[in-house]
Amino acid sequence: MKLKNVLIVVKNIVKARQFYHDLFGLELVLDNDGNMILTEGLVLQEEKYWTEFLGREIVPENNSSELYFEESDIEGFVEKLERYYPEVKYVNRLMTHSWGQKVIRFYDPDGNLIEVGTPV
């Protein structure tokens, strides 16, 4: 068995697709009307379908999971993030851990937590 995809819930799937394309270069693999599969195995699911499936409300910024990306040119990434999405909500701006890894944490427009770090 292998893990195939990771699904996150979004309010506006078109805006979310653009966000993940702009910042991470993810491309559309499949569009199933309210459910999009992007490259690297990320799936976007529109909130209205997810709440219908679960029968529960979505809790943005619940901090129970995170999408983790690695980027060698993290300073360049931070510049791109600030240029394309100046309104982004940060958990922490660019910092360096005691072991030398540089990381930044922020929320996507739907409250999904993202971490970008230099390769370890």
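These legends describe close-up views of a predicted model.

**View 1. The buried side of helix α3.** Helix α3 spans residues 74–84, and its buried residues are I74, F77, V78 and L81. They sit on the same side of α3, because they cover an arc of only 100 degrees around the axis. An α-helix has 3.6 residues a turn, so residues three or four places apart point the same way. Elements that cover the buried residues include α1 (13–24), β6 (89–96), β7 (102–107) and β8 (113–117). E79 and R83 are exposed on the other side of α3.

**View 2. The salt bridge between E75 and K102.** The N to O distance in this pair is 2.6 Å. E75 belongs to helix α3 and K102 to strand β7, so the bridge ties together parts 27 residues apart in sequence. E75 is partly exposed, at 34% relative accessibility. K102 is also partly exposed, at 29%.

**View 3. The salt bridge between E82 and R93.** Here the closest N and O atoms are 3.8 Å apart. The pair links helix α3, which holds E82, to strand β6, which holds R93; these parts are 11 residues apart in sequence. E82 is partly exposed at 39%, whereas R93 counts as exposed at 53%.

**View 4. The salt bridge between E61 and K89.** The closest N and O atoms of this pair lie 2.9 Å apart. E61 is in the loop between α2 (47–54) and β5 (67–70), and K89 is in strand β6, so the pair ties together parts 28 residues apart in sequence. Both are partly exposed: E61 at 32% relative accessibility, K89 at 45%. The count for the model comes to 6 salt bridges.

Definitions and conventions:
Residues are numbered from 1 along each chain as its sequence is written. This is a predicted model: local features need pLDDT of at least 70, side-chain atom pairs count only at pLDDT 80 or more; totals for chains, interfaces and linings use all residues. Side-chain values use heavy atoms; hydrogens and water are left out. Buried means under 20% relative accessible area, exposed over 50%, partly exposed in between (1.4 Å probe, protein chains only). Helices (H or I, at least four residues) and strands (E, at least two) are DSSP runs, numbered from the N terminus. The arc is that of the directions from the helix axis to the C-beta atoms. Contact means heavy atoms within 4.5 Å. A salt bridge is a side-chain nitrogen of Lys or Arg within 4 Å of a carboxyl oxygen of Asp or Glu.
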